[in-house]
Amino acid sequence: MYNMRRLFAATTLSIVVFSLFSGMVSAQSNRNTTSQTAESLDLSPEEARRKGERVVEHWDKCDYDFVNMRADYTLVQTDGAGSSVERQLTLRMLEMTDYDERGIKTTGDWSIVSFRSPPDVAGTALLVHASLYKNDDTWVYMPSLKRVKRISSRNQSGNFAGTEFAYEDIASQEYYKFTYRWLRSESCGTEKEPGFCDVIEQIPTYPNSGYSKQISWYDDCRQRRIDYYDHNGKLYKTQTFNDYRQYNGKNWRGHDNTMINHRNGRQTHLIIPKFIYRNNFTKDQFQSQALRFIR
Amino acid sequence: MDELPDGMRNRKPCLISVVIFALASLLWAVLAMAENASRTYELGGYVAAELLYFPDDPLHEGQSDVDVVPSMALEPEFRAIWDGGRSQIVFTPFIRVSSDDYDPERNHADIRELNWAHFGSNWWTRVGVGIVYWGKLESRRIVDIINQRDLVDNVDPDDKLGQPMINLGRQFSWGSVEGYLMPYFREGTFPGLEGRLRGPFPVDTDQPQYESTLEERHTDVALRYSNVIGDYDFAASYFHGTGREPRVTLGKHAEGYDVLIPHYDIIDQVGLEVQATLDALLVKGEGYYRWNNGGDFPVFGVGFEYTYFSVWDTNGDIGVLCEYLHDGRGSLAPPTNFDDELFLGLRWTANDLDNTSFLGGGLFDLHTGSGVYSAEFTTRFGSNWKIDVKAQVFTNVSPTEAVLYAARKDHNLLVSLSRYF
């Protein structure tokens, strides 16, 4: 009898423990933290595409409704030998709000990147009206001449101002600029900022990209890392995003962004103290005629 | 007092001082009224040391025969910004001091900018002395008329004298419209008797003649409409007032030598500018029709710029420029070296951290074959130093090209080292 009671107690305990455990698992079931792969889940290509699209659509919408944003960047460019130079930039963004029936944006945002240093180019500003399917519309303002010039934006793969960032890397990453394939899920981030990511292969659909594909790590609303592959399929650059903080109770922003070029060992480090929302920006400020007033 | 720079040796120094003082006080008042908390100040600008080298001996009587002309230029920029960047006051004086044994006219000072600018929700204004750039082409500034050229400073057409103005602009759904009211005319600067890069006789800036009895106090007006539709950027402009380019007639200087007397007419000018941005190809055109400047005449230019990006597996771009320039003016109009010219150029932009770039080209006359070759190179070193090298060579100049023929021995090389702050 005694043995039977012990067995009964042990069984009850294990059932309680098991149900507790399984309860925890089911509470987390929409964000499974067990590593999986498309193969282990036996996903068809169609299923992998749809799973990838769902992840990126969710991530993309986390950044909606920011309305406008301003941030002062410190850019540190380091060469292979370790010597570095610093530049100061300001980014202003204006959100465009055209959506399709899925609630996904169909117009690229408008942005102005202006230089605060080095002093001989202070005031130089680049205005971009981003497009999803064709070349962006781009103007540059040269303060020494007071001249605004429309420039070609075919140069998506060219490097921005001698940094390791291509123009397409600094352009806003819109949902409809890529096709997606879910590859796997795994732990990601850093020791300080650990996370769990869906790893997605994304292939640019916009013209003149310098990449055959990108592998991107999405941790819910936060993009943690992008591996860029060149047209020969070789790993070309790696970008990591750290020091994430949330704004407006919704929009996550990384305040520490590093691009490493594996070809030449150079890297570009962007440090942003804070992002400023609810600026009094107007659409008319993001026009070529207004560029000379930007400071 | 005859050592004073030209800009200060004006016939009406008193009036100018009063106007500048009044303007400065007005801007000071605007600044004082602005909200204190968000106001920031910036100091920018540069100081430059420059060597100008003429390899050939001068051609004309009176010209200085020094072949290396050292000079210094200072252009600080003071800026106050408030209202989240929507309001600013900028003050940019400029002074050049050249070596004594060269043209004293080149010692000059100017106020490039002293204005208050405000950008409202869909309108903007700028009150004070400012600089405005119009146009699309690279080899000649055709429609650009708001500012007088500072021809004595350098060979660069982009050196301009600050223009006093009230500028008002508004953005509409159908484009933007800007108006300019310019209450004071800036007389052109020209090389003096000792200077190079001039005609056989220097232009005497001490005895200008004006069509208007108000002389330089005639109020000039300009209007410009501009818009962007898809790949096309375009603008139309109208100017009425004292023409920036003077006609010239032969006269006598106070000291007895022959000079050219500048005559400033009241002109009308209608201008057009277009640029199509078609992938890597930019197609451009600009032109005007001008009335009453020694006749009525059209001037225009058309051309393209094609860019090869990331050439030879580098980060650099190569741009190919080709522009045709036509000038329909007659012999009584202000002199120019353009009539029917073809410009061919090559631009290299390194896209490096130091903004290194090179632009080289040739301007060829389609009738006489006269050529002007020019090249410029610029790069930064450290974060505050910049070096500029510019060269200009005249070849095969025909005697029928009066302006170029007079300058055919004035090949020049300019090296300048600037420290920005």
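**Salt bridges, interface and cores**

Biologist: Which side chain does E75(B) meet in a salt bridge?

Modeller: That of R112(B), at 3.7 Å from N to O. A salt bridge here is a side-chain nitrogen of Lys or Arg within 4 Å of a carboxyl oxygen of Asp or Glu.

Biologist: Where in the chain do E75(B) and R112(B) sit?

Modeller: E75(B) is in strand β2 (residues 68-82) of chain B and R112(B) in strand β4 (residues 108-119), so the pair links distant parts of the chain, 37 residues apart. Strands (E, at least two residues) and helices (H or I, at least four) are DSSP runs, numbered from the N terminus.

Biologist: Are E75(B) and R112(B) buried or exposed?

Modeller: Both are buried. Buried means under 20% relative accessible area, exposed is over 50%, and partly exposed is in between, with a 1.4 Å probe and protein chains only.

Biologist: What kind of model is this, and how is it numbered?

Modeller: It is a predicted model, where local features need pLDDT of at least 70, side-chain atom pairs count only at pLDDT 80 or more, and totals for chains, interfaces and linings use all residues. Residues are numbered from 1 along each chain as its sequence is written, chains are lettered from A and ligands numbered from 1 in the order in which they are written, and side-chain values use heavy atoms, with hydrogens and water left out.

Biologist: What does R96(B) pair with?

Modeller: E50(B), in a salt bridge with the closest N and O atoms 3.3 Å apart. R96(B) lies in strand β3 (residues 87-98) of chain B and E50(B) in strand β1 (residues 40-53), so this pair ties together parts that are 46 residues apart in sequence. R96(B) and E50(B) are both buried.

Biologist: And in chain A, what does D219(A) meet in a salt bridge?

Modeller: R222(A), at 4.0 Å from N to O. D219(A) counts as buried because its relative accessibility is 2%, while R222(A), at 22%, counts as partly exposed.

Biologist: How many salt bridges over all chains?

Modeller: 52.

Biologist: Switching to the interface. How many residues of chain B are in contact with chain A?

Modeller: 56 residues of chain B, against 36 residues of chain A. Contact means heavy atoms within 4.5 Å. The two chains bury about 3800 Å² between them, 47% of it on carbon and sulfur atoms. That area is the accessible area (1.4 Å probe) that two parts lose on being put together, summed over both.

Biologist: How many salt bridges are there between chain B and chain A?

Modeller: The count is 9. E113(B) and K146(A) also meet through their side chains, in a salt bridge of 2.9 Å, N to O. The side of chain B that touches chain A has 15 nonpolar, 19 polar and 22 charged residues.

Biologist: What are the cut-offs for polar contact, and which residues go in which class?

Modeller: A polar contact is a pair of N or O atoms within 3.5 Å; within protein, one must be able to donate a hydrogen and the other to accept it, and residues adjacent in sequence count only if both atoms are side-chain atoms. Ala, Val, Leu, Ile, Met, Phe, Trp, Tyr, Cys and Pro count as nonpolar, Asp, Glu, Lys and Arg as charged, and the others, Gly among them, as polar.

Biologist: Where is K160(B) found?

Modeller: In the loop between β5 (123-130) and β6 (163-172) of chain B. K160(B) is buried, at a relative accessible area of 3%. The side chain of K160(B) makes a polar contact with the side chain of D144(B) at 2.6 Å, and the backbone oxygen of V132(B) lies 2.9 Å from a polar atom of the K160(B) side chain.

Biologist: Which residues have the most contacts inside the largest nonpolar core?

Modeller: M69(A), Y73(A) and F275(A), in a core of 29 residues. Strands of chain A that each supply at least two of its residues include β2 (68-78), β3 (84-94) and β12 (235-247). Another core, of 27 residues, lies apart from it, with F239(B) and V299(B) among its members. A nonpolar core is a set of buried Ala, Val, Leu, Ile, Met, Phe, Trp, Tyr and Cys residues joined through side-chain atoms within 4.5 Å.

Biologist: How many helices and strands in chain A?

Modeller: 3 helices and 15 strands. Buried residues make up 53% of the 295 residues in chain A.
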